[in-house]
Amino acid sequence: MNIHKNACLTPIGRERLVQAVLSRQTPQAAADAAGVCPRTAHKWIARFKAEGRAGLMDRSSRPQRLYRPTPAAMSLAWPGVIRNRKGRPSVSQSMWILVVNPPRGRPSA
């Protein structure tokens, strides 16, 4: 399991937090002992009650849906553009992106 550096609780710590609350400790006291806020403690307790031990596992932070998903035609064209990449202008043109500023270079003498 890959624990990021800012994680206060691992799944084992979350389970200890929940077990402390289930053994008649207040969520505030259990949260203080675990080093998290009471709101976080309530979140893990609710997930445990709804899903059991599986609810204490890490979840993906990837959004389930996007506000503006990539159009299907563009997403189908993307792998070919990556394979045939020759530079920014060719990628931009093949992806239907308007290049407002042309590449800068030395002025011709």
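The model is a predicted one, in which local features need pLDDT of at least 70 and side-chain atom pairs count only at pLDDT 80 or more, while totals for chains, interfaces and linings use all residues. Residues are numbered from 1 along each chain as its sequence is written, and side-chain values use heavy atoms, with hydrogens and water left out.

The protein chain holds five helices and zero strands, and its pattern along the sequence reads α-α-α-α-α. Of its 109 residues, 19% count as buried, buried being under 20% relative accessible area, exposed over 50% and partly exposed in between (1.4 Å probe, protein chains only). Among contacts (heavy atoms within 4.5 Å) in the protein chain between residues at least 6 apart in sequence, 42% join residues at least 24 apart.

Helix 1, residues 11-22, has twelve residues and spans 16 Å from its first C-alpha to its last, close to the 16 Å expected at 1.5 Å a residue, the expected span being 1.5 Å times one less than the number of residues. Its buried residues are Pro11, Gly13, Arg14, Leu17, Val18, Ala20 and Val21. Arg24, with a positive phi near 75 degrees, follows helix 1.

The axes of helix 1 and helix 3 come within 10 Å and cross at roughly 85 degrees, the axes being lines fitted to C-alpha atoms over the stretch in contact, with angles from 0 to 180 degrees between N-to-C directions. Helix 1 is therefore roughly perpendicular to helix 3, a class that covers 65 to 115 degrees. On the side of helix 1 the contact is made by Arg14, Leu17, Val18, Gln19, Val21 and Leu22, and on that of helix 3 by Ala41, Trp44, Ile45 and Phe48. By class, this contact has eight nonpolar, one polar and one charged residues, with Ala, Val, Leu, Ile, Met, Phe, Trp, Tyr, Cys and Pro counted as nonpolar, Asp, Glu, Lys and Arg as charged, and the others, Gly among them, as polar.

Notes: Helix = DSSP H or I, 4+ residues; strand = E, 2+ residues; numbered from the N terminus. Parallel < 35°, antiparallel > 145°, perpendicular 65-115°, else oblique.
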